[in-house]
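Some words used for a protein model rest on cut-offs. The questions below ask how a few of them apply here.

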Amino acid sequence: MPLQNRVLPTQEIVAESGRGLLMGNRGTLHGPDRRLGTTRWRSKAWICCVLDWKGVRRDPMPPGRWTALFFFDEAVALAAGHRPCAYCRRRDFLLYAGAWASGRGLTERPRAAAMDAQLHLERVEPRTRQQRTTIADLDDLPDGAMIRYDGRPALVLGGPNGDKVVLGWSWEGYATPARPPGLRQVAVLTPPANLVVLKAGFTPLLHSSAFGN
């Protein structure tokens, strides 16, 4: 039975056997029985990390410590409200923080805590503690954003003619790109702060199926 440690673009943490490109954490979410309780974060620092750090192998749910979470790719992690880890993904973190500053017209990169606080305001509804979504025009969204389309999460990318296309997501990979006729206003899963970062040029790590591989 898989552990409950796979993160969906909708922020939900589920027990799935699907494999991903990144891991991360939100603090300790599990108990001694290696099961999650009702809490879905212990910290506002929702990060995404590399799978392999200097060859070290760790228990994904060590007692009283962090709960390892796993993401299909970085588009999923960003949609769920995570950001690159400043330790194991230092270069990506600096690129992310630089895009955050550029997209907001800031003169210097913000600190991690400031970004985490803003992300938390945008990713969680305070009363329900559910994912906060927004509505936007599909063609205004940056590559790497994720939306809700046809009842499931989908990735947004630029198409061959310059129009945006959507690729339905599952643990098996991204579906064939499509541009449904008349599709304009969409429900956006990616928090606004991460949309700003994507628009400013941050390039997320995408699964090869996004490119037809």
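**Pockets and a buried proline**

Q: How do the residues lining the largest pocket divide into nonpolar, polar and charged?
A: In this predicted model, the lining of the largest pocket has 17 nonpolar, four polar and six charged residues. The space in this pocket is about 740 Å³, and of its 27 lining residues, Met23, Val50, Leu51, Trp66 and Phe70 are the closest to the centre.

Q: Which strands each supply at least two residues of that lining?
A: Strand E3 (22–25) and strand E4 (47–50) do.

Q: What makes Trp41 a lining residue of the second largest pocket?
A: A lining residue has an atom within 4 Å of a pocket point. Trp41 is listed in the lining of the second largest pocket, so Trp41 meets that cut-off. The lining also includes Trp46, Arg26 and Gln131. About 220 Å³ of space lies in this pocket, and its lining divides into three nonpolar, five polar and four charged residues.

Q: Why is Pro191 called buried?
A: Buried means under 20% relative accessible area. Pro191 has a relative accessible area of 1%, so Pro191 is buried.

Q: Where does Pro191 lie, and which residues does Pro191 touch beyond four places away in sequence?
A: Pro191 lies in the loop between strand E11 (185–188) and helix H4 (192–199). Not counting residues up to four places away in sequence, Pro191 touches Leu78, Ala79, Gly81, Leu119, Glu122 and Arg123.

Q: How far apart are Pro191 and Ala80 in sequence and in space?
A: Pro191 and Ala80 are 111 residues apart in sequence, and their C-alpha atoms are 7.9 Å apart in space.

Conventions
Residues numbered from 1 in each chain as written. Predicted model: local features only at pLDDT ≥ 70, side-chain atom pairs only at ≥ 80, totals over all residues. Heavy atoms only, no water. 1 Å grid on protein atoms, 1.4 Å probe; cavity = no way out; pocket = protein on both sides within 12 Å on 5 of 7 lines; lining within 4 Å. Points joined across faces, edges and corners; volume = space filled by probe spheres on them. Nonpolar A, V, L, I, M, F, W, Y, C, P; charged D, E, K, R; others polar. Buried < 20%, exposed > 50% of the residue type's maximum accessible area, 1.4 Å probe, protein only. Contact = heavy atoms within 4.5 Å.
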